[in-house]
Amino acid sequence: MRHLSREPFARGLPCHVTLKVREDVPSLRSVPLVREVEKTFAQGCERGEFRVVHYSLQGNHAHLIVEATDRRSLGRGMKSVAARLARAVNRVFERSGPVLADRYHFRVLRTPREVRNALAYVLLNARRHAARAGRMLSRAEGIDPASSGRWFDGWKDFVNREGASSEPRAVAPPRGWLLSVGWRRRGLIEVSEVPGTPPRLVS
């Protein structure tokens, strides 16, 4: 994606962020790496004016839903997240050198519908990739283990009737109205959904 001017940033709105890794980096969905990323995210998911609320790891990229008070806090927070991800990748795969292919891309989420769509897209992204590859999808597949879905309390399906996971969180709880309350006005999310077209991101 070519570099575009940064999108105007309104205070307190959540963002959907994408980070892509270099071609020589192994899959981000390997079990050892997922565990390492969760540990490092747990240590740095909240940095005052910036917090990582949700994530999913795909083969060559990562999706995040974050909250930041302004563009400066978003930039600082993403610099820390990118560094943590890169160090985790190099530790687990015993490699050195650059990990990320480019700067991060993001979209500011301004309405309950946009937030609801972004949550479904991020938490169910592995399901979307499987559907695009023509793989038969089962409702019983449940929550993607390479995502923060098990701490998400907005599932409509049976898998989360008991509430969010009691495991130590690797992500921060949302503070803003849109991510904590507002998006629910557009309907809870089913594990069996297949998200549609990705939102347009800017660099």
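Two strands count as paired if DSSP finds at least two bridges between them, and strands themselves are DSSP runs (E, at least two residues), with helices being H or I runs of at least four, both numbered from the N terminus. This is a predicted model, where local features need pLDDT of at least 70, side-chain atom pairs count only at pLDDT 80 or more, and totals for chains, interfaces and linings use all residues. Residues are numbered from 1 along each chain as its sequence is written, and side-chain values use heavy atoms, leaving out hydrogens and water.

The protein chain has five helices and four strands, running β-α-β-β-α-β-α-α-α from the N terminus. Its pLDDT (the predictor's confidence in each residue, from 0 to 100) averages 85, and 81% of the residues score at least 70.

Let's look at β3. Eight of the eight residues of this strand (residues 61–68) are buried, so the rest of the structure largely encloses it. Buried here means under 20% relative accessible area, with a 1.4 Å probe and protein chains only. In a regular strand, side chains alternate between the two faces of the sheet. For β3, His61, His63, Ile65 and Glu67 are buried on one side, and Ala62, Leu64, Val66 and Ala68 on the other.

Here is how its partners line up:

| Strand | Pairing with β3 | Residue facing Val66 |
|---|---|---|
| β1 (residues 14–20) | antiparallel, seven bridges | Cys15 |

Across the protein chain, 50% of the 203 residues count as buried.
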